[in-house]
Amino acid sequence: MQAAEMIEIWRGGRCESLHLGHAVICDTDGVVEAWGAPNEVIFPRSSCKMVQALPLVESGAADAVGLSERQLALACASHSGAAMHAEAVGDWLKTLDLGEEDLRCGCHMPRDKDENRRLTCSDTEPDQRHNNCSGKHAGFLTLNRHLGGGAEYVEVDHPVQIAAKAAFEEVTGETSPGFGIDGCSAPNHACSLQGLARGMARFADPGGDLRGQAMRRLVDAMRKYPEMVAGEGRACTDLMRAMQGRVAVKTGAEGVFVAILPEQGLGVAVKALDGATRASEAAITALLVHLGVLDAKDPVVSALLTGPVRNWRGIVTGEMRTAKGFPD
């Protein structure tokens, strides 16, 4: 099955660009709706951070150090590196008697405009707390303390990553065919898009056992603190706010996006074939409207999907729209 036509960009009455991809909606029993090839194997990238955080909660490591809901949301985050994010990671590390140098995620300039400006104007280098994955890594360090592993917790054979892989395979219901190294240096295990959506459905309808309780806590934390999951002006934060905490969503690099719908017991996964964030944000928005959890008239829909394309003078030059048949 070929990739589906998902998102079109129009200019001057012509379709200028077309984003192809795959999308699937699952419940815990399997596929409910699909476009393209639901069995396409992908790297979920940061869209699966709540799965990687499962051992942190399920093992008792989070409770052993008294992590808050806000910190659990941060463990699932691809944050913007705003001051509130960097400071929260720093405070978390202090409770472990660790420092920024114990992280293994690397440094990059923050996406947050205010913090970026502050660093630039003060001629200050960013540190690893500003990395968009630093919350996930603080979670890894917390789990590592609980497990008693060595300092290099991102190695694929480290106890932390063995636990993360086991959780990933159990939640997706698949044996991963392999892994790649993510931008933050941690292993990222491959799965089918259908497996990823099925995993999100399990987070949406988790049951009452220990794992189910851990899943529910992570989803609730994401929905309660959307600003910690991404940041101001980011799709994840804006979408969760627009849906008033009914749904948790999470982006991943290279055109991946997922959604967890607890009220409907559904999981959604999207992969834009060209890796474009523009396409995955628009596609997940269209699917959330399709599922009735996002008002088509909400400003976030215009911002991410239906609004006009403008040039630098503010002149309308085109529009974005869903391709015919996506979603049905």
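Student: Where does aspartate 97 lie?

Tutor: Aspartate 97 lies in the loop between helix 5 (83–95) and helix 6 (113–121). Helices here are DSSP runs of H or I with at least four residues, strands are runs of E with at least two, and both are numbered from the N terminus. One caution: this is a predicted model, where local features need pLDDT of at least 70 and side-chain atom pairs count only at pLDDT 80 or more, while totals for chains, interfaces and linings use all residues. Residues are numbered from 1 along each chain as its sequence is written, and side-chain values use heavy atoms, with hydrogens and water left out.

Student: What is the phi of aspartate 97?

Tutor: Start with the general idea. Most residues other than glycine have a negative phi, and most peptide bonds are trans. Aspartate 97 has a positive phi, near 60°. Serine 185 also has a positive phi, of about 85°. Serine 185 sits in the loop between strand 5 (179–181) and strand 6 (187–189).

Student: Which peptide bond is cis?

Tutor: The bond that joins phenylalanine 326 and proline 327 is cis, with omega about -20°. Proline 327 is in the segment after strand 12 (316–322).

Student: Is aspartate 97 buried or exposed?

Tutor: Read the relative accessible area: under 20% is buried, over 50% is exposed, and in between is partly exposed (1.4 Å probe, protein chains only). Aspartate 97 is exposed, because its relative accessible area is 69%. Serine 185, at 32%, is partly exposed. Histidine 19 counts as buried, because its relative accessibility is 4%.

Student: Where is histidine 19, and what does it touch?

Tutor: Histidine 19 is in strand 2 (residues 14–27). The side chain of histidine 19 makes a polar contact with the side chain of arginine 278, at 3.0 Å. A polar contact is a pair of N or O atoms within 3.5 Å; within protein, one must be able to donate a hydrogen and the other to accept it, and residues adjacent in sequence count only if both atoms are side-chain atoms.

Student: How do strand 2 and strand 3 pair?

Tutor: Two strands pair if DSSP finds at least two bridges between them. Strand 2 and strand 3 (residues 30–35) pair in the antiparallel sense over five bridges. A hairpin of two residues joins strand 2 to strand 3. Aspartate 27 stands opposite glycine 30 in strand 3.

Student: Which residues of helix 8 are buried?

Tutor: In helix 8, the buried residues are Val160, Gln161, Ala164, Ala167, Phe168, Val171 and Thr172. They lie on the same side of helix 8, because they cover an arc of only 120° around the axis. The arc is that of the directions from the helix axis to the C-beta atoms. Glycine 173 follows helix 8, with a positive phi near 75°.

Student: Which residues have the most contacts inside the largest nonpolar core?

Tutor: In soluble globular proteins, nonpolar side chains tend to be buried together. A nonpolar core is a set of buried Ala, Val, Leu, Ile, Met, Phe, Trp, Tyr and Cys residues joined through side-chain atoms within 4.5 Å. The largest one here has 98 residues, and those with the most contacts inside it are Met50, Leu196, Phe203, Leu239, Val249, Leu261 and Leu288. Helix 13 (residues 277–290) gives the most to this core, with seven residues.
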